Amino acid sequence: MKPQLMLAKRATLEELQEYSQWMWERLFVEPKLDGVRFVRINGIWTSRQGKPFYNVDEITKAIDSIKGINKFLVDGELSGDDWSHTVSFARSFRKKPTGEIRYKVFDLVHLDKPNIACRDRKELLAELFYKIRKNIHVVESASVSSFEEFKIVFDEHVASGCDGA
């Protein structure tokens, strides 16, 4: 089986209110990131569509140096000061743009064992990225068991500047 990238599920607040506790216990809540998807598949760093990015050598070298990382698809988002800065930074191949760009990693998929449960992948992610490197951050995931708990996490994400959860 080919490893699959994690995709967020879009749902309205009304739909979420109808979720059972059984459904909530199988979900993770993460902040909605405003960046560009950046993945490492078989040692090659690209967009989700396979397009190259530039000016990200510091990030890719740091992650590529993690022992055992070659066994995994690494999935996350690049983000700068805002959307325009992110895109111009990562897409400019003529000159290095000013400012910094960050990589927010949210998933690892084992290339030989793509069916590892999400909860176990999150634990592996924490183990491999236990030393947070400059400009590389692991996205925090929350487990909730009800709409009320989700709403608390959602409001915290919005208050911190995210677009939602």
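Six helices and five strands make up the protein; helices are DSSP runs of H or I of at least four residues, strands runs of E of at least two, numbered from the N terminus. In sequence order the pattern reads α-α-β-β-α-β-α-β-α-β-α. The radius of gyration, 17 Å, is close to the 15 Å that the globule rule gives for 165 residues, so the protein is as compact as a globular protein of that length. That radius is taken over C-alpha atoms, and the rule is 2.2 Å times the number of residues to the power 0.38.

This is a predicted model, in which local features need pLDDT of at least 70, side-chain atom pairs count only at pLDDT 80 or more, and totals for chains, interfaces and linings use all residues. Residues are numbered from 1 along each chain as its sequence is written, and side-chain values use heavy atoms, without hydrogens and water.

The C-alpha trace spans about 50 × 35 × 30 Å along its principal axes. Of the 165 residues, 39% count as buried (under 20% relative accessible area, 1.4 Å probe, protein chains only). Take contacts as heavy atoms within 4.5 Å. Among those with a separation of 6 or more, 72% come from residues 24 or more positions apart.

Now look at strand β4, residues 102-110. Seven of its nine residues are buried, so β4 is largely enclosed by the rest of the structure. Strand β3 (residues 72-79) pairs with β4 in the antiparallel sense over eight bridges; pairing requires at least two DSSP bridges. Here L73 has V109 of β4 as its bridge partner. Strand β5 (residues 136-138) runs parallel to β4, joined by three bridges. There, K104 is partnered with H137 of β5.

Terms used: Buried means under 20% relative accessible area, exposed over 50%, partly exposed in between (1.4 Å probe, protein chains only).
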